[in-house]
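Hi everyone, thanks for coming. Let me put the sequence and the structure up on the screen, and then we can walk through a few spots together.

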Amino acid sequence: MHKVDFSLSKWNFTVHFNKESDYKIYKEVIENSVYDMYHKKTTSNPIIINYINDKALYNDICINIANKDKQVISSFQNEFYDKYDNVFVSSKNRYLIYRDNNTFNIICKENMIRPELIYIIREIYVRLQENDKGIFMHGNGIKINDEGLVIIGNSGSGKTTFMFKLFEGNKGNLKYLSNDRIFIKDNHEMEYFPIPLILATGTARGIKPIFNYLKDKDKLYDSSFSKDTLLNGKENEKFELFKNYIPKIFPNCELEEKERVNRIIIPKINFNDKKVKIEVLSDYHKAMDMCFTPIDYESLRKPWIMDRNLSNEKLQENSERIIKKQVDEELVYTIEYNPLSDSKYIQEEVKEKILMKK
């Protein structure tokens, strides 16, 4: 039996594989996704995932549950599960999952599409964080000028472009946690989420360090990126970059697992004005639009494989309390900016009007 050990925040995971070929594939995928697989373990009760590629076993389990009552549960985009007690059968009929406390058994009829195991790990991790009163935000986590920033926004708001505008040409110490998803805790900390950076072609072309790094690459590991996409794709065409590409593109940027939240920024693109407009947010409901606890409208849909300890109402109360606290302390800002503006100008405006304010 082959295994991969890693930690996400304070929770330890061990994934067992019955086939060496699966182990080799997923060990590399997990290494590219997780901040640090080998840092000190902090718990003695790990999450166990058994990944078993066995068509005969899959068929036997399906026969045994065929006459049981089922319900249909949606999870990822275009993915549903038929639930029979604690057995979840993928709508694509490639694998099933059954849980025994902190052990999750994945039985494959045929091998998963490569990212699917990571999707399941993420689903478990989100529930662990929410049960620990963390809230799941649609945003990026970085540290710049010794200030921890959460940059939140709906799809297309320009949060990733804005993040790289703060990085481009910046000679200071930078830290990157994650893009598009981040956890915020009650103690003013943020924690990363193991997700690739989703990058629009227009952003890649507009940020020189990114374009210069990618223009000579024919392809990237386990990514939809191609040189043709970069050079000839539509502006909104997207591809993935794993976290370990960030320090290669921005050599003064380090990867980080958690940081203190000093400010929250809600960016908005405005091509009609070259000036940066910054305001303190007074209505916390506008920030709640980017909170995916308790309901994730974009990726995880509904909790299924792991239960929540708290009701949706309690989770909603916790989310509102954490975000309202940030707003009441005047730590949340809206920014209108033009992505064609010089990065140095944007950085100076952010430094003067946000980072230097106490």
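Let's begin with helix H10, residues 312–328. Helices here are DSSP runs of H or I with at least four residues, strands are runs of E with at least two, and both are numbered from the N terminus.

A quick word on what you are looking at: this is a predicted model, where local features need pLDDT of at least 70, side-chain atom pairs count only at pLDDT 80 or more, and totals for chains, interfaces and linings use all residues. Residues are numbered from 1 along each chain as its sequence is written, and side-chain values use heavy atoms, with hydrogens and water left out.

Back to H10. Which of its residues are buried? They are Leu315, Asn318, Ser319, Ile322, Ile323, Gln326 and Val327. Buried means under 20% relative accessible area, exposed over 50%, and partly exposed in between, with a 1.4 Å probe and protein chains only. Looking down the axis of H10, the buried residues fall within an arc of 165°, so they line one face of the helix; that arc is taken from the directions from the helix axis to the C-beta atoms. As a reminder, an α-helix has 3.6 residues a turn, so residues three or four places apart point the same way. Glu313 and Asp328, on the other side of H10, are exposed.

Now to strand S19, residues 263–269. Here 5 of the 7 residues are buried, so the strand is largely enclosed by the rest of the structure. Two strands pair if DSSP finds at least two bridges between them. S19 runs parallel to S11 (residues 147–152), with 3 bridges, and parallel to S21 (residues 332–337), with 6 bridges. Ile265 in S19 stands opposite Ile151, and in S21 its bridge partner is Tyr333.

Finally, some backbone details for those of you who enjoy them. Thr293 and Pro294 are joined by a cis peptide bond, with omega about 15°, and Pro294 sits in the loop between helix H9 (284–288) and H10. Two aspartates also have a positive phi without being glycine: Asp146 at about 65° and Asp180 at about 80°. Asp146, in the loop between strand S10 (139–144) and S11, counts as exposed at 63% relative accessibility. Asp180, in the loop between strands S12 (174–178) and S13 (182–184), counts as buried at 15%.

Technical notes
The expected span of a helix is 1.5 Å times one less than its number of residues.
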